[in-house]
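Subject: Two-chain model for you to look at

Hello,

Here is the model I promised to pass on. Please open it alongside this note, and I will walk you through what turned up.

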Amino acid sequence: MFSARGIRVALAALLVAAACSEEHTTSVPIAHTEVPEDLVLGFPKLAARTLIQGEVRQVGGSPGPAGIISDGEPPPDEDAVAQVFAPLTTVGFQNNYAYSGARHQYTGNVGRIDTEAIVSYNGQEIGRQPAFREDYTPFLADFGARKTILAEAYVFIDQDCGLRVDGRSEHRAGWQWFLGGQAPDWGSAGISTQAFPPENQPPCETEPSDDGNYTGGNEDGGADGSGAVTCYYWVTYDPYTGEVYDVDFLFCEGVEGG
Amino acid sequence: MMIASTRATAALLGCLALAGLASPASLTGQAPDQAPVFLALPETFPDVDARAVLLRERGREIVVLDPDDAEQVESLRVALLVLRRIRGVRPAPEGRGQMIPITGYVLREELSTELREELESALSDLRRHPVANVGNLGPGRWMPFRQP
């Protein structure tokens, strides 16, 4: 049927196609080779604070006598630890995110809040997002006025049922000669708070499956209910140097099965 | 070599079409434009608070599992679900890597027996692979993965 020339052309085409076929960047190790091939991979090295929301700010000192409370603010807690007043943690859901918000009043030129939003589904923890805020007033500009500091940890969510958010915070205040991790400090005080009660989304509606058994799920769940609710971060990095370029903080959502 | 006849041209085109059908992508059951997926099991899990870590870089996708995870099958299942989900959300990075640490999960239902067996088989296969370097994570095992 085909001429000799046609067969030669066909064979040449096969050779060209084989040479141009897609190659993996990493070959498959074969069981019978004596030296297994390494996987070329540059896993990024995350610094301790890469996945923590937060900032350190220098705020201006406000002159005036110590102990002044602005109108509308609650009276100082008589049982509060020295230099930290009225600490509080609250949690909630707001549109497309869950949050843990913390605040306290303090005297001292350094105030700090470490707070954490803890997300659970069906009573099982699936993610935590820590955050911090540290406010520093230059020592010579701080005249002992009472200041307020706020901090918030937020978790983006794409789930409208079944989630619960808890919040825990550490409230601190003290004095430092200058801003910096190695700066000597004194007179520090701290106290812990926890949001109570935690905040819950409405329970997910259960729907009967084809066989009459009920399965859990929500608007985003798969029809067969074999998906999951999960939380994850998103880190963009240089695969050759490991340098981290960008971080998207904790995100919780339902992923479909099937 | 010159193509001098219509019959020879048809033979060439037919062979090229057959070569396309026999590409590695179709043999692995993956979409032609989908990055190959690898499973990795380092002897020491990286210092990340996660049940599993997804990596998307250099034209491939890697699922890094924790050797000390008592629920590796479930973690693998969730990692694959998340991988499928994010393919539709963000394109594969050009020249950059994406790392997705999965901090936790709850399965809405128990895995079916068939799916569990398939995933356990893949993990058993992974554990049989010889120890090599999993990049800068140190010694461990890795292999290409064909999703069930």
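**What was found**

Of the 148 residues in chain B, 38% count as buried, where buried means that 20 or more other C-beta atoms lie within 10 Å of a residue's own, exposed means 12 or fewer, and partly exposed covers what is in between, with C-beta atoms placed from the backbone. For chain A, 37% of the 258 residues count as buried.

A word on conventions before the details. This is a predicted model, in which local features need pLDDT of at least 70, side-chain atom pairs count only at pLDDT 80 or more, and totals for chains, interfaces and linings use all residues. Residues are numbered from 1 along each chain as its sequence is written, while chains are lettered from A and ligands numbered from 1 in the order in which they are written.

**Confidence**

The model scores ipTM 0.79 and pTM 0.74. Chain B has a mean pLDDT of 83, with 77% of its residues at 70 or more; pLDDT is the predictor's confidence in each residue, from 0 to 100. Please treat one stretch with care: over residues 17-30 of chain B the pLDDT is below 50. Beyond near neighbours in sequence, that stretch has 16 contacts in the model, a contact being two residues whose C-beta atoms, placed from the backbone, lie within 7 Å.

**The two chains**

Chain B has four helices and six strands, in the pattern α-α-β-β-β-α-β-α-β-β. Helices (H or I, at least four residues) and strands (E, at least two) are DSSP runs, numbered from the N terminus. Among contacts in chain A between residues at least 6 apart in sequence, 68% join residues at least 24 apart; for chain B the corresponding share is 63%.

An open sheet of 11 strands, with mixed pairing, runs in the order E2(A)-E3(A)-E6(A)-E13(A)-E12(A)-E4(B)-E2(B)-E3(B)-E1(B)-E6(B)-E5(B). Strands count as paired if DSSP finds at least two bridges between them. Strand E2 (84-94) of chain A and strand E5 (132-133) of chain B stand at the edges with a single partner strand each, so one side of each has no neighbour in the sheet.

Where do the chains meet in this sheet? Strand E12 (residues 228-237) of chain A and strand E4 (residues 97-107) of chain B run antiparallel and are joined by eight bridges. There, Tyr232(A) has Ile102(B) as its bridge partner.

Within chain A, E3(A) and E6(A) are antiparallel and joined by 10 bridges, with His104(A) opposite Ile149(A). E6(A) also pairs with strand E13 (residues 244-255) of chain A, in the parallel sense and over three bridges; here Ile157(A) has Cys252(A) as its bridge partner.

**Domains of chain A**

Chain A is divided into domain 1 (53-200) and domain 2 (207-255), with bounds from an automatic or database domain assignment. Between them, 15 residues of domain 1 are in contact with 12 residues of domain 2. On the domain 1 side, strands E4 (110-121), E5 (124-136) and E6 (147-158) of chain A each give two or more residues, and E6(A) provides the largest share, four residues.

**Core and single residues**

The largest nonpolar core has 76 residues, and Val119(A), Ala40(B), Val63(B), Ala79(B) and Val82(B) touch the most other members. Such a core is a set of buried Ala, Val, Leu, Ile, Met, Phe, Trp, Tyr and Cys residues joined through C-beta atoms within 7 Å. Leaving aside neighbours within four places in sequence, the contacts of Val63(B) include Val37(B), Leu54(B) and Leu76(B).

Gly108(A) lies in the loop between strands E3 (97-106) and E4 of chain A, and counts as buried because it has 24 C-beta neighbours inside 10 Å.

Asn133(B), in strand E5 of chain B, counts as partly exposed, with 17 C-beta neighbours inside 10 Å. Not counting residues up to four places away in sequence, Asn133(B) touches Asp38(A), Leu39(A), Gly138(B) and Pro139(B).

Best wishes
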